[in-house]
Amino acid sequence: MDYGLRFSDPAKYARALRRAHELVIAGVPRPEIPTPLAESWRRSMALGISPDQHSPRHVHDPSEVVQLRREHRLQQVMPALQDLLADDSSSGRHLLVLTDAGGEILWRVGSREALRRADRLEFSEGADWSEAGIGTNAISEALVTGGPVQLFSAEHLVRTHHDWACTAAPITDPLTGALLGVLDVSGPLDTISADTLRMVRCAVRVAESLLGTSDGGASLSASSSVAASRQGARRAAAAAVSSLELLGDRPAAVFADGSRVPLTLRRAEILALLDSRSQGWSADELAYELHGDAGTPQAIRTEMFRVRSLLGDAVESNPYRLAAGLAGCSDSGRVLRLLREGHVAEALEAYPAPLLSRSGVLAVQLLRDQLDLAVGSAVRASGDAGLLMRWLSTDMGTADAEGVKALGQLMGRDDPRYSAFRASSAFCG
């Protein structure tokens with residue numbers, strides 16, 4: 001059986017697994033169901049779990065779970081995990097789940113629709129999703145094997161779970177090695193991707209890194225800098241981001257204390273997009289703009305976690321957007337603001353280089369072209385020959401044929417300076 005079908009044709013793969021599930025339950029071995037998985041089914045059924053059962057054992061009422069959370073060490077890392085993997089937007093389809101060491105669900109995060117779907121299976125706070133509580137599932141397998149697990153459709157024992165794809169991994173205490181709980185990401189079959197398992201494993205490493213800090217992660221959250229240097233963490237805690245430098249080929253974030261932190265091109269591209277739209281972006285939208293059809297929201301969430309680790313509260317989530325105090329505070333945003341205020345000369349002075357000149361992302365290229373158009377139009381409309389010559393002397397204005405034409409009208413076509421710019425424009429064109 002082609003394992004790759006679970007990503008390329010999940011419905012077809014699920015049908016094959018369901019046929020194999022019925023045969024194995026009836027005592028007929030099938031290669032689609034690995035021996036360890038079939039053994040888990042047998043153990044579950046020996047514990048009284050029926051494939052037709054859909055109600056897990058409930059250990060605590062949801063009201064009691066609130067207190068359990070407060071006392072649990074994973075409370076300290078839940079904000080980071082939520083920021084990295086959760087999607088509680090209206091379009092979110094998967095569920096982030098965190099259990100204790102026994103498999104009891106303590107946290108769930110997801111959209112209303114995802115939570116409603118989970119409620120129908122009693123996949124809820126206080127429910128026991130160990131092997132003894134509900135039979136074979138990704139959480140129970142992570143507890144049994146001690147490693148990351150991915151279960152798809154009829155790899156679950158209980159038939160009502162066959163419409164789900166689940167990926168789980170245990171979280172251990174880095175100081176003692178003790179099991180603390182299981183992180184799980186679950187959703188409809190078509191929400192799983194080749195990156196899902198990697199994302200969950202990455203999130204577990206983040207959680208364990210936070211728990212391994214001197215204060216046990218108590219002072220750390222998604223806006224701390226486990227992925228950044230200690231110096232970056234101190235900056236994020238001590239000083240807010242005051243501006244973004246996105247013009248040219250050396251993007252950076254500038255903090256209120258005057259320190260400057262370089263940005264990778266990918267992070268700068270994300271921030272440029274966030275800076276361009278006040279209503280924000282979903283992970284799906286950013287994935288498409290930055291990676292096309294190959295983009296995944298999981299990869300964006302990983303990158304956004306790193307951005308927020310570096311910049312603290314400068315970026316908000318659901319949807320992703322710049323914090324209110326930072327919106328429009330980039331150098332490119334300052335150019336546009338000066339133009340809107342009618343300060344064309346100051347805007348031109350503040351525009352020394354193209355927006356992220358090394359970026360080949362189409363969405364960034366469009367923003368770059370829009371900025372060129374805005375500055376060029378304002379300069380031409382100013383009727384100032386000096387400003388026009390300054391604009392035409394920049395990398396952004398050198399091919400502005402309309403600007404050259406406007407300069408000829410202002411200076412006369414016999415002026416040698418006009419002739420020089422016309423020749424340069426023709427060469428560039």
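Begin by selecting β8, β9 and β10, where 3 strands form an open sheet in the order β8-β9-β10 with antiparallel pairing. Strands β8 (241-245) and β10 (260-262) stand at the edges with a single partner strand each, so one side of each has no neighbour in the sheet. From one strand to the next, the twist averages 20°. The model is predicted, so local features need pLDDT of at least 70 and side-chain atom pairs count only at pLDDT 80 or more, while totals for chains, interfaces and linings use all residues. Residues are numbered from 1 along each chain as its sequence is written, and side-chain values use heavy atoms, with hydrogens and water left out.

Helices (H or I, at least four residues) and strands (E, at least two) are DSSP runs, numbered from the N terminus, and two strands pair if DSSP finds at least two bridges between them. Axes are lines fitted to C-alpha atoms, for helices over the stretch in contact, and angles run from 0 to 180 degrees between N-to-C directions.

Staying with this sheet, select β8 together with strand β9 (residues 252-255), which run antiparallel and are joined by 4 bridges. Within that pair, Ser 243 stands opposite Val 254 in β9.

Next, select β3, β2, β7, β6 and β5, because two strands count as paired when DSSP finds at least two bridges between them. Here 5 strands form an open sheet in the order β3-β2-β7-β6-β5, and the pairing is antiparallel. The edge strands are β3 (105-109) and β5 (149-152), each of which pairs on one side only. The twist in this sheet averages 20° from one strand to the next.

Now look at strand β2 (residues 95-99), which pairs with β3 in the antiparallel sense over 4 bridges. The bridge partner of Val 97 in β3 is Arg 108, and Leu 96 stands opposite Val 109 in β3. In the hairpin of β2 and β3, which has 5 residues between the strands, select Gly 103 to find a positive phi near 95°. Strand β2 also pairs with β7 in the antiparallel sense, over 4 bridges, and there Leu 98 stands opposite Leu 183 in β7.

Is β2 enclosed by the rest of the structure or left open? Of its 5 residues, 5 are buried (under 20% relative accessible area, with exposed meaning over 50% and partly exposed in between, for a 1.4 Å probe and protein chains only), so β2 is largely enclosed by the rest of the structure. Show the side chains: Leu 95, Val 97 and Thr 99 point one way from β2, Leu 96 and Leu 98 point the other way, and all are buried. In a regular strand the side chains alternate between the two faces of the sheet.

**Helix against helix**

Move on to helix α5 (residues 78-85) and helix α13 (residues 297-311), whose axes come within 7 Å and cross at roughly 130°. The two are therefore oblique to each other, given that angles under 35 degrees count as roughly parallel, over 145 as roughly antiparallel, 65 to 115 as roughly perpendicular and the rest as oblique. In contact (heavy atoms within 4.5 Å), Ala 80, Asp 83, Leu 84 and Leu 85 in α5 meet Arg 301, Thr 302, Phe 305 and Arg 308 in α13.

Then select helix α11 (residues 265-276) and helix α16 (residues 362-382), where the axes come within 10 Å and cross at roughly 55°, so α11 and α16 are oblique to each other. Glu 269, Ala 272, Leu 273 and Ser 276 in α11 meet Ala 363, Val 364 and Leu 367 in α16.

Ser 332, Val 335, Leu 336 and Leu 339 in α14 meet Leu 371, Ala 374, Val 375 and Ala 378 in α16.

**A last stop**

Finally, select Ser 63, found in helix α4 (residues 62-71), which counts as exposed at 58% relative accessibility. Ser 63 and Glu 125 are 62 residues apart in sequence and 9.1 Å apart in space, C-alpha to C-alpha.
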